[in-house]
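Here is a short briefing on one protein chain.

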Amino acid sequence: MSKYYFHISNGHPFDDREGEELPNDEAAWEVAVMTVRDIDSNLDLDQSSQWSVSVTREDTPIFRIDVSAKRLGSEPS
């Protein structure tokens, strides 16, 4: 088992200092995807939003998921 850290940023970084013991990178990926699902509930259609979840195994970066949302046109009348 390795310790994985899930660092979140939405313009203001949140560094995961506790981490989570997981059996492998695939399990860490599943946790990261679940975290992104939680993030999507905080996206605001009326403002541009950018979030990222960076995952490290111990001190080694293994992947990052970026999420961005913005309105592309005007609201319907």
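Which residues does Val53 touch, not counting those up to four places away in sequence? In this predicted model, Val53 touches His7, Ile8, Ala32, Thr35, Val36, Ile39, Phe63, Arg64 and Ile65. Val53 is also among the residues with the most contacts inside the largest nonpolar core.

**Fold**
- The protein chain holds one helix and five strands.
- Along the sequence, the pattern runs β-β-β-α-β-β.
- Take contacts between residues at least 6 apart in sequence: 44% of them join residues at least 24 apart.

**Core**
- The largest nonpolar core has 13 residues.
- Those with the most contacts inside this core are Tyr4, Phe6, Leu22, Ala28, Ala32, Val53 and Val55.
- Four elements, β1 (2-9), α1 (25-40), β4 (49-57) and β5 (60-69), each give two or more residues to this core.
- Helix α1 supplies the largest share, five residues.

**Burial and surface**
- The protein chain has 77 residues, and 25% of them count as buried.
- Its accessible surface comes to about 5700 Å².
- Carbon and sulfur atoms account for 46% of that surface.

**Confidence**
- Mean pLDDT for the protein chain is 86.
- A pLDDT of 70 or more is reached by 83% of the residues.
- Strand β3 (residues 20-22) has the highest confidence, at a mean of 98.
- Strand β2 (residues 13-14) has the lowest, at a mean of 88.
- Where pLDDT is low, predicted coordinates should not be read in detail.

Key
Residues numbered from 1 in each chain as written. Predicted model: local features only at pLDDT ≥ 70, side-chain atom pairs only at ≥ 80, totals over all residues. Heavy atoms only, no water. Core = buried A, V, L, I, M, F, W, Y, C linked by side-chain atoms within 4.5 Å. Buried < 20%, exposed > 50% of the residue type's maximum accessible area, 1.4 Å probe, protein only. Contact = heavy atoms within 4.5 Å. pLDDT = per-residue confidence, 0-100. Areas by Shrake-Rupley, 256 points an atom, 1.4 Å probe, with all protein chains shown as cover.
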